[in-house]
Amino acid sequence: VRASTVAVVWVLVGAALYAIQILRRLAELA
Amino acid sequence: LLDSAAHVALAALTALSWLGAGSLVLAPLRSSGDRILDLLNRIGAGALAFALLTFAAGWVGLLYAEAYVPLAALAASSGLVAGARLLRGARLPVDLSRWQLVLAALLGLYVVLAVVATAAPISSADALLYHAAGPELYEQRHRLVETPWVWHSYQPYTVELLVTDGFLLWDSVQGAFAVLLLGLAGLAAVVGAAGRLAGRAAALLAGAVLAAAPFALWTTSSTFVEPGLVLTMALAGWNLVEFARRGDAASLALAGLFAGAAAGIKYQGALAAVLLAAAAAVVLRRRLEPRTALVFAAPAVVVALPWYVKNAVLTGNPVYPFVFGGLNPEAERAAAESYESYGQGESPLDLLLLPVRLLADADEFDRGEFASPLYLLFAPLALLGAWPRRPLVATWAAGLVYLLAWFFGSQQLRFLAPLGPAFAFLAALGILALTAQRRVGRAVTVAVVTGALATGLAVSLIYTAQFVPVVTGRESEREFLTEKTSYYEGIDWLNRNLPPGARVAIGHVFILYVDRPALWWSSDALTTTAGPSESRRFFRRYRITHAQIFDRDVARIRQLEYAGARRIARVTVHAVTSRTLAEIGPPETVVVYALPRARRARPATPSAQASGVSSAASSRERRPADVLNAGSSARLCRAAASARASPTGTTKPFTPSSTSSRAAPTASVATSASPAAAASLSTMPQGSERDGRTNTSACA
């Protein structure tokens, strides 16, 4: 597995986790 | 609006005065050849010079606007000349690409947002308790004043003394602008350093990672000390890089100066400075010799030492109340509870889950959900690029050690501020590295960075919008404070009804806006179990005439009864659970007590005698006479708690201030009074976004 592939996966997973946080927050506000 | 414009103008004058003072202080050093670095070095050194000068003036009782303003004006005029010289012939870059222009505009917008948020009356809890409340007291008394009821005030206080200068110049908001200036200079340092090391794209990206997020906006505009840590760590790092490149002693000395300055801002700054030095020693080990170590360490020690010596003199513990202790057991418990109330635990599993939680569930880290995710997503990817490996690895290693210390200390995200400059730069390198890796890497990077910045901007706009009415004069300060600071209704009652000579003990931490001399009636000041004679001594020592506490605070009510106090009012108050969302807690009641007149008049002087802590005397008495001593209860604890003891350990008097952020509200509250009180207080908001804990931790 290339390092760049791992990096892309890391960023995508991390971004998804962050999106969950933001969406959860929005849901609380709503 | 006019007031806000005047604050901005005076902030510009302050910045020029720092530049002027720094130009003078650094005159013996040769230029680095980099005008931006020279400019920022001078501004940073000038700010430090003013802080230390304020410290000295405060020690001898010379904190007068009549002294400060002419000095600042003189320094500012010299700064104007120095700035004009430095920037002569400088040009703004005109060949930015479109995305670079967008990032530059975004940073410009964040600067505007930060100015608006800073121009509003101070409403963050820690500032109301000590970052601004301490400086206000110093300005009123014209000297440093020891405030043992808030142990945070024993942290190094470089930033708070710059806030004090703001009070001398005008008012509390002017003090807040001093902090904003540090934040803006820190941003400039990160952008400048990243630009020199890795080019314009890295510069703008590093700036965006550092500053373009609601969390960064909040810390920069809330009169906290973290912006000072960002600036000093950024300049220490940049000067170290210059030393690595050119091997000149001046750069090394400047790196030491700013590392020491970080240690003079907050205890964690000392840890960060040591780790920075260790990382540099590893990277530059071939040049490591006694002389280089000395050139770095000497200025560092000189600028940091005053704070630690002050604590040693006053309390016997240079890092009071840590390591060697000093708080009474109840206050210590309250402080510990307060630190531990942040984060999600300290087990190995918690450590393992930390990255995931920081991204997906970070609100327990004190508003961590508003921080930029770009640090964590991209800083590890810096290792993908073709950058020199050793400095990257050393930076990561030092950062991880600091992170571990933070993890096992108080997990408030803002206490990671010293890592901000280096890791914003690493994140920028990571972003560039991934965009260089095939099309998919580029597409993912662009989408994620854009999404994070856009989300952050939306939250930042909502956050800042709440300050616009008061800044533009459409809302009065009183209305604003009622809406944005917890229990202001009670403070307002005191301001309107108490006699001018009143001195008040307050049962919560939001004391800045009490017009009369006030203290936070914490466990540090008096334990809830203190009996009649100790309670009466407390009232006498601080010449308390009135107290305002929660009606459920049975311990304090009992202590007031010991002194024969009578209840004179009940006021309904509310906690503010979210400023931005305008959420308030249920109605609560505070009661106001008046103490019998006979108890009031005794001058509270030298603590030792006044407090009856006879053992303490020692070094305190040798102190300048006018340093107000309040110290005793802390000293009492110390005395009691310590067998530990050096004789100095029992002394604590004076005044300084320090500390930074930690624990306040919950702390004392938790121990004071009834469980109900503790419970409700521990959720009290602080003035800021959501829950109301004040910080507590700070020290790693």
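Among contacts in chain B between residues at least 6 apart in sequence, 78% join residues at least 24 apart, a contact being heavy atoms within 4.5 Å. This is a predicted model, in which local features need pLDDT of at least 70, side-chain atom pairs count only at pLDDT 80 or more, and totals for chains, interfaces and linings use all residues. Residues are numbered from 1 along each chain as its sequence is written, chains are lettered from A and ligands numbered from 1 in the order in which they are written, and side-chain values use heavy atoms, with hydrogens and water left out.

**Chain B as a whole.** Select chain B. The chain holds 30 helices and seven strands; helices (H or I, at least four residues) and strands (E, at least two) are DSSP runs, numbered from the N terminus. Of the 700 residues in chain B, 62% are buried (buried: under 20% relative accessible area; exposed: over 50%; partly exposed: in between; 1.4 Å probe, protein chains only).

**The sheet.** Next, display the strands of the open sheet in chain B, five in number, with the order β2-β1-β3-β7-β4 and mixed pairing. Two strands pair if DSSP finds at least two bridges between them. The edges are β2 (518-520) and β4 (566-573) of chain B, each pairing on one side only. On average, neighbouring strands are turned by 20 degrees against each other, direction ignored.

Now select β7(B), residues 588-594. Strand β4(B) runs antiparallel to β7(B) and is joined to it by seven bridges. Along this pairing, B:Thr572 is opposite B:Thr589, and B:Arg567 has B:Tyr593 as its bridge partner. β3(B) also pairs with β7(B) in the antiparallel sense, over five bridges; there B:Gln548 stands opposite B:Val592. Seven of the seven residues of β7(B) are buried. One side carries B:Glu588, B:Val590, B:Val592 and B:Ala594, the other B:Thr589, B:Val591 and B:Tyr593, and both faces are covered.

Axes are lines fitted to C-alpha atoms, for helices over the stretch in contact, and angles run from 0 to 180 degrees between N-to-C directions.

**Two helices.** Move to α22 (477-484) and α23 (488-497) of chain B, whose axes come within 8 Å and cross at roughly 140 degrees. The two helices are therefore oblique to each other (under 35 degrees is roughly parallel, over 145 roughly antiparallel, 65 to 115 roughly perpendicular, and the rest oblique). Show side chains: B:Arg478, B:Leu481 and B:Thr482 of α22(B) meet B:Tyr488, B:Glu489, B:Asp492 and B:Arg496 of α23(B). These residues divide into two nonpolar, one polar and four charged (nonpolar: Ala, Val, Leu, Ile, Met, Phe, Trp, Tyr, Cys and Pro; charged: Asp, Glu, Lys and Arg; polar: the others, Gly among them).

**Aromatic rings.** Over all chains there are 24 aromatic pairs; rings of Phe, Tyr and Trp (its six-membered ring) pair if their centres lie within 6.5 Å, with planes under 30 degrees apart counted as stacked, over 60 as edge-to-face and the rest as tilted. Select B:Trp218 and B:Phe224: the ring centres are 5.1 Å apart and the planes at 80 degrees, so the pair is edge-to-face. B:Trp218 is buried at 3% relative accessible area, and B:Phe224 at 2%.

Then select B:Tyr487 and B:Phe510, with centres 5.9 Å apart and planes at 65 degrees, so this pair is edge-to-face. B:Tyr487 lies in the loop between α22 and α23 of chain B and B:Phe510 in the loop between β1 (504-506) and β2 of chain B, so the pair ties together parts 23 residues apart in sequence. B:Tyr487 is buried at 1% relative accessibility, and B:Phe510 is buried at 3%.

Last, select B:Trp149, B:Trp521, B:Phe538, B:Phe539 and B:Tyr542, which form one aromatic cluster.
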